[in-house]
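Have the structure open while you read.

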Amino acid sequence: MTTDPLTTGATIGILGGGQLGRMLAVAAARLGFKTCVFEPGGDCPASHVSNFHFKADYEDEAALETFAAAVDVVTYEFENIPTSALDVLDRLGKPVRPGRAALRVSQDRLTEKAFLSNLGLTTAPFAAVDDKVDLAEAAEEIGLPAILKTRRFGYDGKGQARIATEADAEQALADMAGQPAILEGVVAFSHEVSVIGARNAAGDVACFDPGENVHEGGILRTTTVPARLSAAQRTDAVLLTGQILNKLDYVGVMGVELFVTAQGLVVNEIAPRVHNSGHWTQQGCAIDQFEQHIRAVAGWPLGDGSRYADVVMENLIGEDVERIPQIAKEAGASIHLYGKAEVKPGRKMGHVNRVTRG
Ligand code: AMP
């Protein structure tokens, strides 16, 4: 499918008003577009830098209709958009990029794992768990230790528990309070990497150099480029990302999280949006992930995302943001703050990109 490219003054609608929406809106403005953010919360990071903010619930059909009438194309910055909102946009014939296939796959860990294995990619061993009986069978099949995760609405390590013993299993299942879950085998990885890939409406694919990720308490702490990967692993990482993008007929930027093991790369999960582990591209490439996404969504050619610097991205989480006065004096440190008024533990307040070799 090809689309007429959007031109100056066109409006891009963004579902979700967090920091990813904020950085997308800035990238859109640089290309001459207007942005309209749809986000139930007030004073959200994206609203500070967008032309319009629709402050309404995703279930508010009338608000969605007005939003749709005000924009040329819709994209999103988080994957848990209620299906009903997408139905309204479909009914109105408003293009949503990336499309629903990507959302359907990534909203449910079980569907996602099945999709990836059907593509011939390696994932952790997995089994669906709806009740105690399933859990006992899954634990038998996969072995312990394992990780129990909710199928939907998990992020930053939320909605998951490590299970080492049968007693842990019962507790973990009780904590899930009847939500459908998935049991995953623990992958013995040496480190974690991710690929930020892009595909446009013409079917062109471009991937950024893989980044190496360190998580703490389930939250991304740093991304370092270049990642420790052999040439063959790097090629594998990029090729499998292309396979995923093509299979979904994807338009936009996607984050693909991978475990590096002695046996090869194991796909952990995919995120149908710009990704925290791609923030390094703001200082490492001529075209960063945000511009790349806007280009794809706007029907433009993809830009040149080759990496020209070594970068370490550090997330500023909670009180980390109090270090800003010191960081502001550092050479080679680019500061990105999200404009969040209230500091909370675990809350992503901003990030710093440190160019270590330019
Ligand atoms: P997720 O929410 O699935 O991205 O998981 C958050 C983090 O938990 C990952 O980045 C890994 O560090 C760890 N993790 C998740 N799944 C597994 C697994 N199957 N084996 C080992 N570690 C995992």
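1. Start with E184 and K113: this is a predicted model, and in it the two form a salt bridge, with their closest N and O atoms 2.9 Å apart. E184 sits in strand β8 (residues 181-185) and K113 in helix α5, so the pair ties together parts that are 71 residues apart in sequence. Is this pair buried or exposed? E184 counts as buried because its relative accessibility is 2%, and K113 is buried too, at 1%.

2. Next, have a look at R151 and D108, whose side chains meet in a salt bridge at 2.8 Å, N to O. R151 is in the loop between β6 (146-150) and β7 (160-163), while D108 is in the loop between α4 (100-106) and α5 (109-118), so this bridge links parts 43 residues apart in sequence. Both R151 and D108 are buried.

3. R357 and D310 also pair up, at 3.1 Å from N to O. Here strand β17 (residues 348-357) supplies R357 and strand β15 (residues 310-317) supplies D310, so parts 47 residues apart in sequence are tied together. R357 counts as partly exposed at 47% relative accessibility, whereas D310 counts as buried at 14%.

4. There's a network as well: R221, E314, D320, R323, E330 and R354 are joined by salt bridges that share partners. The salt bridge count comes to 23.

5. E137 belongs to helix α6 (residues 132-142) and is exposed, with a relative accessible area of 51%.

6. For orientation, the domain assignment gives domain 1 (11-96), domain 2 (125-185) and domain 3 (191-357). The C-alpha centres of domain 2 and domain 3 are 29 Å apart.

Methods: Residues numbered from 1 in each chain as written. Predicted model: local features only at pLDDT ≥ 70, side-chain atom pairs only at ≥ 80, totals over all residues. Heavy atoms only, no water. Domains from an automatic or database assignment. Helix = DSSP H or I, 4+ residues; strand = E, 2+ residues; numbered from the N terminus. Buried < 20%, exposed > 50% of the residue type's maximum accessible area, 1.4 Å probe, protein only. Salt bridge = Lys/Arg side-chain N within 4 Å of Asp/Glu carboxyl O.
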